[in-house]
Amino acid sequence: MTEENNKKPMSDKALNRLVIGSVLSILMCLVALCSTTFAWFTDTAEATSSTIQTAPNCLLETVVVVNAEDETPLSDIENGVTLAAGVTYRVTLTLPKDSASGYCQMFVGTEKYLSPYIARHTEDTPKTVTYYVKAEVDTEVKFVTHWGIYSAEASVLAGETLIFEQTP
């Protein structure tokens, strides 16, 4: 008998309350969604443009390659120069005060050689490191400067000579 009591039909008044509550809830959700979407498209924010640039003095100040015999400097070393066979060349890297650490890479064909690096410093006088390169035969070499330090072993140490051997 108790189950029959639970099966009473719902009155129209109760049904109307449920339907009106549901419709009002849906309308409130739609208003909230529309107002948020409207805010996305009507709000403005100004952004200043950013320019990415290197800091002053962040790279090696100079890399000078000179013929050690007659003190003739080589030019355009970044794009490649031909080192004459049997001639010793002096390479000097200079790092100014308060600049990032730096080093030089030398490219001979597909081979890559690393110079010693100069660590960042705050001394007034620029730090320098000098080493020598020599080619067994006429060799095209590119000297490219980089900032930072590396974890590999240097191909040549300060004051020593790096010999570019003839490749078979």
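Two strands count as paired if DSSP finds at least two bridges between them, and strands themselves are DSSP runs (E, at least two residues), numbered from the N terminus, as are helices (H or I, at least four). The model here is a predicted one, where local features need pLDDT of at least 70, side-chain atom pairs count only at pLDDT 80 or more, and totals for chains, interfaces and linings use all residues. Residues are numbered from 1 along each chain as its sequence is written, and side-chain values use heavy atoms, with hydrogens and water left out.

Strand β4 (residues 102-108) pairs with strand β7 (residues 139-147) in the antiparallel sense, over 6 bridges. In that pairing, Met106 has Phe143 of β7 as its bridge partner. The β4 and β5 hairpin leaves 2 residues between its strands, and Gly109 takes a positive phi near 60° in it. As for cover, 6 of the 7 residues of β4 are buried, so the strand is largely enclosed by the rest of the structure; buried means under 20% relative accessible area, exposed over 50%, and partly exposed in between (1.4 Å probe, protein chains only).

Strand β3 (residues 88-95) is also largely enclosed, because 6 of its 8 residues are buried. An antiparallel run of 8 bridges links β3 to strand β6 (residues 127-135), with Arg90 facing Tyr132 of β6 as its bridge partner.

Over in helix α2 (residues 12-42) sits Leu33, which counts as exposed because its relative accessibility is 53%.
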